[in-house]
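Here is a short briefing on one protein model. Look at the sequence and the structure first, then read the points below.

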Amino acid sequence: MRILITYLFCLFATAVAVAQVSVTGKVIDKENNEPLAGASVIVRGADGKIKKFASSKADGGFAMSVATIAGFRLEVSAMRYEKRAILLDSVAFPLTVYMTPGDVQLKEVAVKADRIRAQGDTVTYNVGSFAQHQDRSIGDVLKRMPGIDVSNSGKIQYRGEDINKFYIEGSDLLGGKYGIATNGISHDDVGAVEVLENHQPMQVLSGIAFSDKAAINLKLKSKAKATWTFHGDAGAGYSWQPDGAVWDGELFAMAVMPSFQNITTLRTNNAGEDLSSSNADFFADRRQTGLSRYVGVGLPGVPSLSDKRTLFNRSFLISTNSLWKFGRGELKANIDYSFNRVTADASNITTYFLDGGNRIITENRSGTEHHHSLSGKFIYELNQKTAFINNSLQTNIDWDDVSLATTGSLPNGQSAKLPDYYISNKFKMIKRFKGKHLVTFQSVNEWESLPQTLNLDMNSERFCQNISDHAFYTHESAAYAFNIKGVTLSLEGGIKGYFRSMDSQLPELPVELPWLTENVVNTNYITVYATPKFEYWVRRVNLSLNLPISYAHYNFDKAIANRDEVYFSPSLSFNWKPNNRFSGTLRGGLGRSPMNLNLIHPGLIMTNYRTLKSGVDDFYNSSSQNVSASISYKHTRHGLFANGMVMQSWSHVPYTMAQQLYGDYVVYSYADAKNDSKMLMAMGSIGKTLDFMRGSCNVNGSFNRNESRLLSQEQFVSSVSTSWSVGGKINGNPWRWLSFDYRMDYSDSRLAMNGKSESWRSTMENELSLTFIPHSKWQWTVSGEHYRNEITEHNFKNVVMLDTKLTYRLSKRIELVASLSNILDKRSYNYTTYSQLSSFESQRMLRGRQLMFSITLRK
């Protein structure tokens, strides 16, 4: 009987296995005979219902299993291709499905249906449906995608939160320096942009540690994979201010292969384009060495206006980034060098608000700044479901020098040398046992040196200040965690050490200032800590409770008394995601923390020719509380994305900043007086696709209110600063021959001191770009900017800037461009800003009219 049952069971299992039919094949572009990745492959039954669904892989392949194919049909569709339908009754597998590029009508229908689609936690944007004729890089297209925000610095946010990874074909080549990719990769090489919601970068933590962050993954077209792609731009012309020749050039190379990736770029210009955002690391952790520059000599900046209007530069950038995959791990090397020479001229009026009458200082400043930066980062990473290993070795060498000549109330000349040397090594290993247990080891070591030299010529006197500042930080820790049915309990423990020495000398102090002129400070601490953590993560709810507690011993080598402190800073967060469209988060925390150790220096330090700072002569702790709420909503089928956030925070500091005028000098110091401050911040954004004209729109707003107290001329000053802003943008391609982009930003701010309010000061900026396409080879763009800045109450400064550009496409690989910027030749701009104790009015020089001719070559 047992043998019979076993036989029948095997017979049944064999019948089921035999009954399964494997539907396999490849999708091929009929024109170039290349594999077509990302095509939608659907098996429909005789009743028309979807039985199986897949997407073609990089090699065009697909594979699915169904119980039967009787009466079934296979449907294959892809953006810009005609849809194919194949009856499966009498075909042989594997299939070869040739896709024919569709005509304009078919293309438009596909775009409307598939501009954005969602599948699980992945939202996919079709790049072709958002790109406009004037776009060059993938960064230009990202700015048009609702739900994705790209700041002026290049940082990317999704639904109001910073992204935590930027991938190219699933590989993290660039880390936080993804501006190199967004500014360099041609949008025509990218088929889709994937947003991976609730992305956990470390596979070993999948299902154990919750993440509310998103990552972006660029899905390249077949033509850009398994090969090198190149493009280059070279331009030259003439500028009326500064008077002389201008240039702008770029070389970009990219290779994306199964076991190797590389992006190398070289850029240079003197046409007002800031290259610093291209290699900024948006994922960089705050340096634990904690050093910051005391010397604050810098060139005057201009709020609101873009760099292309105000930056008088000579810039150069070279960056090479490589990733090698071998075995189960990968090795990455990122090396960058940049150089910037910037000049600036400005006329300023600074007003200090004093009870006995305001003090006014006038300045005319002219200066030059040189900045060199060399950085290297070398990473080995193993990222698997059972183990994670990462070792990052990083070094940064920056050397800056600034010279600034000032005439006016206090004529003087300043020069500063400001190098920065930094090196760190960070190691992290996580091992997962039996699917539920985690053991983590981590080691962080950082060293930094920040010497500073300030030279000052003033009133026939010369002053020279030298600062030597060094710090070393180490952090060693271990942690254990286990998960049971959605509940994760973990305990991390470790030790931190910090050793810093700072010496400053100002031999010749101005006679008006009867203060110490020398600082010799050693700041050391050892901290032992433990962090229990409770996390509940079941279905749509995540609750996380952190309870860090630490003991610290501070040694100040007789500069001030040594201290022993205990800190406890609990925090709680709650995330609710009832469905794939809505998400809400509540966060709160409170705690006690040590002061900024950079403030410990009893003697004066000169920051610029008329400003000096004195630190504290005792050790202080601060306390704070915060609570925040955020919501986000998306409806991908309708192309609708919305998010909002509100946060209230309170801080309590037992010392207060004091301002005192001594003749022509301003001295900032700290007094033993409680300073309770609070801040309210709210912001929100709504974005929507406009499919009827292949466009999108966005509306955003923010509100900020800060209350604090300072000491000025031995009198307490309570200040309340309030600001709000609203903005919007819209773009579209309503007709084949026209596309447009429009953006508007309006902001208002006010400062109140001791109950007396200044009037509101407003700024408004409008930007419009129109692109006309009279012929497939010709493209004409006209753009303009309008700036409206309130200098004094009801007194406005209006500036209008106009540009134009003509593009001729000689072939698919060659473009010729002629551009004329600042047609009206506006050469100056006025603006006003406010702080708690002063106002600042400035007139800044602008780049004049500029004519440039350029050529673009693409492979």
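Strands are DSSP runs of E with at least two residues, numbered from the N terminus. The model described here is predicted. Asn313 lies in one such run, strand β19, which covers residues 312–326.

**Asn313**
- Asn313 has a relative accessible area of 5%, and it counts as buried because the cut-off for that class is under 20%.
- The side chain of Asn313 makes a polar contact of 2.8 Å with the side chain of Ser315.
- A polar contact of 3.3 Å links the side chain of Asn313 to that of Asn269.
- Leaving out residues up to four places away in sequence, Asn313 touches Asn269, Asn270, Ala271, Gly272, Glu273, Arg341, Val342 and Arg847.

**His133**
- His133 is found in the loop between α3 (127–130) and α4 (138–142).
- The relative accessibility of His133 is 28%, so this residue is classed as partly exposed.
- Residues up to four places away in sequence aside, His133 touches Asn733, Arg736, Ile773, Gln779 and Arg809.
- From C-alpha to C-alpha, His133 and Leu88 are 41 Å apart in space, and they are 45 residues apart in sequence.

**Nonpolar cores**
- The largest nonpolar core has 54 residues, and the members that touch the most others are Tyr554, Met595, Ile600, Leu612 and Phe619.
- Met595 is in contact with Ile600, Val616, Asp618, Phe619, Tyr620 and Tyr655, when neighbours within four places in sequence are set aside.
- A second, separate core has 37 residues, among them Val123, Ile148, Tyr158 and Phe282.

Terms used
Residues are numbered from 1 along each chain as its sequence is written. This is a predicted model: local features need pLDDT of at least 70, side-chain atom pairs count only at pLDDT 80 or more; totals for chains, interfaces and linings use all residues. Side-chain values use heavy atoms; hydrogens and water are left out. Helices (H or I, at least four residues) and strands (E, at least two) are DSSP runs, numbered from the N terminus. Buried means under 20% relative accessible area, exposed over 50%, partly exposed in between (1.4 Å probe, protein chains only). A polar contact is a pair of N or O atoms within 3.5 Å; within protein, one must be able to donate a hydrogen and the other to accept it, and residues adjacent in sequence count only if both atoms are side-chain atoms. Contact means heavy atoms within 4.5 Å. A nonpolar core is a set of buried Ala, Val, Leu, Ile, Met, Phe, Trp, Tyr and Cys residues joined through side-chain atoms within 4.5 Å.
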